[in-house]
Amino acid sequence: MAAVDVAIVGGGLVGLATAHRLLERRPDLHVVVLEAEDAVGTQQSSRNSGVLHAGLYYAPGSAKARWCTEGKRQMEAFCDEHGVPVERNGKVVVAVDRSELDGLHRLAQRAAENGVEVEPLDAAGLREYEPHVTGVAGLWSPSTAVTDFGAVARTLERLVTGAGGEVRTGTRVTGIDERNDVVRVTTTAGDVEARTLVTCAGLQADRIAAMTGEPIEERIVPFRGSWLVLRPELSDLVRSNIYPVPVGGGLPFLGVHLTRRIDGAVWIGPNAVLAGSRAGRRPFDVDLDDARDIATFPGIWKLARRHLTVGVGEIWRDRNLSAMIREVQRYVPAITVDDVSRGPWGVRAQLVSPSGDLVDDFTLRGSGRVLHVLNAPSPAATASLAIGAELRDRVLGRG
Ligand SMILES: Cc1cc2nc3c(=O)[nH]c(=O)nc-3n(C[C@H](O)[C@H](O)[C@H](O)COP(=O)(O)OP(=O)(O)OC[C@H]3O[C@@H](n4cnc5c(N)ncnc54)[C@H](O)[C@@H]3O)c2cc1C
């Protein structure tokens, strides 16, 4: 069997963007993407809010801060070039009362440190952008946008195959064996030998990395996020994207927000509850291996103890529509329970440390022949082309 130059595990946005960036620079390489599902981008990459994040939130100097702003620029250019729709509809962050003003100011400072434009708003200014929002102050982010990340994934697949790469769907990786000069990858559709392996396996990132003998003390913990959908005739209640001031306290989730999607539909959410399955077909599916991995991981118990109140609140709002709507009514009081229906859901892959911390930054690991993307939570869809460029440079840097 002739070894391919680069095999990539995972046909989500990160894996496909890596293949695309590699082939753009080195069309002579034989690049193969191995994807377990029957189509690309069916997991996190198409089950998300669809927001192209401007980069307000992330710790200055972090990989998230750098690759989000750079990746957003690259993603907008990519979408414009390849006819994927982008709506530059902006976003407001709303402080509903004075107790949230400190958090809002911290966010404005962080945006400035990251070089992201925001405009401070008073109550009247808020209503100019979002007439149905109530709050004492806010921030306007003009560069936040929305797109269709599923369409981005399909476009990347087309470009990769058009450039001579292979995207093998229905090909689940089951084993990895690193030898002297090649990596042998066992899959449900035959073996592949590669000179370099890059793993971008999202919800399975820790398990795939463990197959290579990489010592991983963290675990991927799956957090389900579900959305409510606003009745279409009420979509004009929301013009852009409306976010609360982030709660802080070490949780990277952005709080229940309203997203005006690329098709004009308004989604409310996502919340964040522990999922019983990493790749379930239904929201309440439980996979015994996944559940056992969670239950036997000390980090999850430490995390649960530390964030008990937030966790219980999330579960309560997940089951109780009125409680979820009360959360939204804090800043858009016009929306009632009768105005929404239960909508789609997705599962986030979040790396958690043994000490119970949610690993905030993007995490790449490995060297030599094998590179792993261990943690690529939001905004990794926005940042995917920049992450792909970084992985390309690391692969080609090995010579
Ligand atoms: C609810 C939610 C909302 C979000 N909102 C946003 C947002 O608005 N903006 C933003 O920028 N980001 C958002 N994100 C984050 C973003 O979607 C992800 O960070 C991004 O899609 C990660 O891409 P990925 O390629 O790493 O993972 P994935 O899309 O999960 O791809 C991993 C792929 O690996 C494959 N795979 C796994 N195991 C194997 C195996 N053994 N063999 C072969 N293939 C395998 C899977 O089938 C999958 O296709 C959100 C995520 C969620 C869940």
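Predicted model: local features only at pLDDT ≥ 70, side-chain atom pairs only at ≥ 80, totals over all residues.
Close-up 1. Residues are numbered from 1 along each chain as its sequence is written, and side-chain values use heavy atoms, with hydrogens and water left out. R195 makes a salt bridge with D5, and the closest N and O atoms sit 3.4 Å apart. Since R195 is in strand 12 (residues 190–199) and D5 in strand 1 (residues 4–9), the pair ties together parts that are 190 residues apart in sequence. Strands here are DSSP runs of E, at least two residues, and helices are runs of H or I, at least four residues, numbered from the N terminus.

**Close-up 2. Other salt bridges.** A salt bridge here means a side-chain nitrogen of Lys or Arg within 4 Å of a carboxyl oxygen of Asp or Glu, and the count comes to 28. D80 pairs with R88 at 3.1 Å, N to O, and R88 is partly exposed at 46%. R184 and D191 also meet at 3.1 Å, N to O, with D191 partly exposed at 33%. Then there's a network: D206, R207, R278, D290 and D293 are linked by salt bridges.

Close-up 3. The contacts shown are pairs of N or O atoms within 3.5 Å. A polar backbone atom of A376 is 2.7 Å from a ligand oxygen. Ligand nitrogens get attention too: one is 2.8 Å from a polar backbone atom of V173, and a backbone N or O atom of S49 lies 3.2 Å from a ligand nitrogen. The protein covers 97% of the 1,000 Å² of accessible area that the ligand has on its own (Shrake-Rupley method, 1.4 Å probe).

**Close-up 4. The shell around the ligand.** The ligand is surrounded by 37 residues, each with a heavy atom within 4 Å of it; the closest are E35, S45, V173, A376 and T382. By type, the shell splits into 18 nonpolar, 14 polar (Gly among them) and five charged (Asp, Glu, Lys and Arg) residues. Helix 11 gives the largest share, three residues. Domain 1 (4–45 + 150–218 + 360–397) and domain 2 (219–234 + 250–358) both contribute to the shell, so the ligand lies between them; the bounds come from an automatic or database domain assignment.

How values were computed
Polar contact = N/O pair within 3.5 Å; in protein donor to acceptor, adjacent residues only side chain to side chain. Buried < 20%, exposed > 50% of the residue type's maximum accessible area, 1.4 Å probe, protein only.
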